[in-house]
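Please keep the sequence and the model open while reading.

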Amino acid sequence: MNKLFLLILIPLFSLGQEISLFDSDGEAVAYIDSNDEDSTIYLWSGSPVAYLFPNGDYYNVYGFNGNHLGWFEDGIIIDHSGDAVGFIKGSVSNVYTQYEPYKSYKEYKPYKEYKSYEPYKPYYNSSFSSEPLVLFLKRGK
């Protein structure tokens, strides 16, 4: 992970902000609650679907159902095929981010199931997955 990104990301997480996640069309569909000790990922509707688990230079993305969904590295969520599924503003230069509407109230977080093992990280592709970010994250429910 690039050290400049770490310098940017650490203050964001420590200030307790909500970090928007955009899909391949630049639409804000989810966000990371960095004020939460689990760094929970909520859909824009307020539904908690996943959380970030630190692992050295990157974060694993786990669903509350215990499934490993992918990785969060350099501001980009990567799936098991190595394709980008979502990103934070400024981490992808060729996608325009749209206006962020108001968020719904957060629902209660479910209990975390036992985490599955992290698979080997694939080589990253320079393309987006055909799976929408919302569906990717809903696999964590």
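Helices (H or I, at least four residues) and strands (E, at least two) are DSSP runs, numbered from the N terminus. Two strands pair if DSSP finds at least two bridges between them. This is a predicted model, in which local features need pLDDT of at least 70 and side-chain atom pairs count only at pLDDT 80 or more, while totals for chains, interfaces and linings use all residues. Residues are numbered from 1 along each chain as its sequence is written, and side-chain values use heavy atoms, with hydrogens and water left out. The chain has 2 helices and 8 strands, in the order α-β-β-β-β-β-β-β-β-α from the N terminus on.

**Confidence**

- The average pLDDT (the predictor's confidence in each residue, from 0 to 100) is 88 for the chain, and 89% of the residues score at least 70.
- Residues 1–8 have a pLDDT below 50, and this stretch makes 11 contacts in the model beyond near neighbours in sequence; contact means heavy atoms within 4.5 Å.
- Residues 10–14 also have a pLDDT below 50, with 10 contacts in the model beyond near neighbours in sequence.
- Where pLDDT is low, the predicted coordinates should not be read in detail.

**Overall packing**

- Of the 141 residues in the chain, 47% count as buried; buried means under 20% relative accessible area, exposed over 50%, and partly exposed in between (1.4 Å probe, protein chains only).
- Among the contacts in the chain with a separation of 6 or more, 56% are between residues 24 or more positions apart.

- S1 and S2 (residues 28–33) run antiparallel and are joined by 5 bridges.
- Across this pair, Phe 22 stands opposite Ala 28, and Ser 20 has Tyr 31 as its bridge partner.
- The S1–S2 hairpin has 5 residues between the strands, and in it Gly 26 takes a positive phi near 85°.
- S2 also pairs with S3, in the antiparallel sense, over 4 bridges.
- Tyr 31 has Tyr 42 as its bridge partner in S3.

**Loop residues with positive phi**

- Ser 39 lies in the loop between S2 and S3, a hairpin with 6 residues between the strands.
- The phi of Ser 39 is near 50°, a positive value in a residue other than glycine.
- Ser 39 has 11% relative accessibility and therefore counts as buried.
- Asp 74, in the loop between S6 (68–73) and S7 (76–78), has a positive phi of about 55° although it is not a glycine.
- Asp 74 is partly exposed, with a relative accessible area of 30%.

**Trp 44**

- Trp 44 is in the loop between S3 (40–43) and S4 (48–55), and counts as buried at 11% relative accessibility.
- The C-alpha atoms of Trp 44 and Ala 30 are 4.9 Å apart, with the two residues 14 residues apart in sequence.
- Not counting residues up to four places away in sequence, Trp 44 touches Ser 20, Ala 28, Val 29, Ala 30, Tyr 31, Glu 100, Pro 101, Tyr 102, Lys 103 and Ser 104.

**Lys 115**

- Lys 115 lies in the loop between S8 (84–87) and H2 (133–138), and is partly exposed at 28% relative accessibility.
- Lys 115 and His 68 are 47 residues apart along the chain, and their C-alpha atoms are separated by 7.2 Å.
- Leaving aside neighbours within four places in sequence, Lys 115 contacts Tyr 51, Phe 53, Tyr 62 and Gly 66.

**Largest pocket**

- On a 1 Å grid over the protein atoms alone, a cavity is a set of points where a 1.4 Å probe fits but cannot get out, and a pocket is an open set with protein on both sides within 12 Å along at least five of seven lines; lining residues have an atom within 4 Å of a point.
- Grid points are joined across faces, edges and corners, and a volume is the space filled by probe spheres set on the points.
- The largest pocket has a volume of about 270 Å³.
- It is lined by 14 residues, of which Ile 76, Ala 84, Val 92, Asn 125 and Ser 126 are the closest to its centre.
- The lining has 6 nonpolar, 6 polar and 2 charged residues, where Ala, Val, Leu, Ile, Met, Phe, Trp, Tyr, Cys and Pro count as nonpolar, Asp, Glu, Lys and Arg as charged, and the others, Gly among them, as polar.
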